[in-house]
Amino acid sequence: LVTVPIVPMSPLTVINIWVSFKISFKNKIVPVRMHGVLSKSNIYAALAAAAVGTVLDINLIKTSEALADLTPPAGRLRLLMGIKNSLILDDTYNAGPESTRVALETIKDAPGKRKIVILGDMLELGKYTEAVHRSIGDQAAEFVDILVTIGVRAKFIADEAGLKGLDKSKIFMFDNTDSARGFLDQLIKEGDLILVKGSQ
């Protein structure tokens, strides 16, 4: 069970957002709430950790308490406070097709006045480069309010999103982060939820 409460954006927003689920093991059910987490992928990692804990005879309540205090590592779907009281979902450690799809699903299901998605190039895809980037553009077109792409490969994302119905006035393309920075400073508003996804 994923619980993402819709709360007003404030400096405390990160600790007021969580996912919750229950672990059932040997006729015992223990609730878990992970603060500052939005992604279902974090639940899967937590379940793997809990499974290891049971092998090591660690009490499930202790596991639940430890998971409540867990902070995702930098660049891996980590929530950060942004400028103008916005919220950033930092997934900049790396970008591949599957992790990008997961990141998009995460922001799609999360609260925010506007969903702004900033996507960079995915590298090392060879002959699949265009097709994979276009598939991401197709997915983004379903729900994003504003799409920003950075890099020559990511232009395929922007192009496909436009072809799939995202208003072209909501799509912005940049060659590099320096050229995008000033634009983003002006674009972001209070209450925005912003996904930043790229290869470092």
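Visitor: What should I know before I start?

Guide: This is a predicted model: local features need pLDDT of at least 70, side-chain atom pairs count only at pLDDT 80 or more, and totals for chains, interfaces and linings use all residues. Residues are numbered from 1 along each chain as its sequence is written, and side-chain values use heavy atoms, with hydrogens and water left out.

Visitor: How many helices and strands does the protein have?

Guide: Helices (H or I, at least four residues) and strands (E, at least two) are DSSP runs, numbered from the N terminus. Here there are six helices and eight strands. Their order from the N terminus is β-β-α-α-β-β-α-β-α-β-α-β-α-β.

Visitor: What share of the residues is buried?

Guide: Buried means under 20% relative accessible area, exposed over 50%, and partly exposed in between (1.4 Å probe, protein chains only). Of the 200 residues, 46% count as buried.

Visitor: How do I read a sheet?

Guide: Strands of a sheet pair through backbone hydrogen bonds, either parallel or antiparallel. Two strands count as paired if DSSP finds at least two bridges between them. In this model six strands form an open sheet with mixed pairing, in the order β3-β4-β8-β5-β6-β7. β3 and β7 (171–174) are the edge strands, each pairing on one side only.

Visitor: In which sense does β4 pair with β3, and in which with β8?

Guide: Take β3 (residues 78–81) first: β3 and β4 are antiparallel, over four bridges. L79 stands opposite L89 in β4. The two strands form a hairpin with five residues between them. In that turn, K84 has a positive phi of about 55°. β8 (residues 193–197) pairs with β4 in the parallel sense, over five bridges. There, D90 faces V196 in β8.

Visitor: Is β4 (residues 87–91) mostly covered or mostly open?

Guide: β4 is mostly covered, with four of its five residues buried.

Visitor: What happens at the β7 end?

Guide: β6 (residues 146–150) and β7 run parallel, joined by four bridges. I150 stands opposite F174 in β7.

Visitor: Which parts of the sheet does helix α5 touch?

Guide: Contact means heavy atoms within 4.5 Å. Axes are lines fitted to C-alpha atoms, for helices over the stretch in contact, and angles run from 0 to 180 degrees between N-to-C directions. Helix α5 (residues 155–163) packs on the sheet and touches β5 (115–120), β6 and β7, at about 150° to β6. Helix α6 (residues 177–187) also packs there, touching β5, β6 and β7, at about 160° to β6.

Visitor: How do I describe two aromatic rings?

Guide: A pair of aromatic rings is described by the distance of the centres and the angle of the planes. Rings of Phe, Tyr and Trp (its six-membered ring) pair if their centres lie within 6.5 Å; planes under 30 degrees apart count as stacked, over 60 as edge-to-face and the rest as tilted. The whole structure holds two aromatic pairs. F172 and F183 have ring centres 4.6 Å apart and planes at 45°, so the pair is tilted. F172 lies in β7 and F183 in helix α6, eleven residues apart.

Visitor: What about F174 and F183?

Guide: Their ring centres are 5.2 Å apart and their planes at 45°, so this pair is tilted. F172, F174 and F183 form one aromatic cluster. F174, at 16% relative accessibility, counts as buried.
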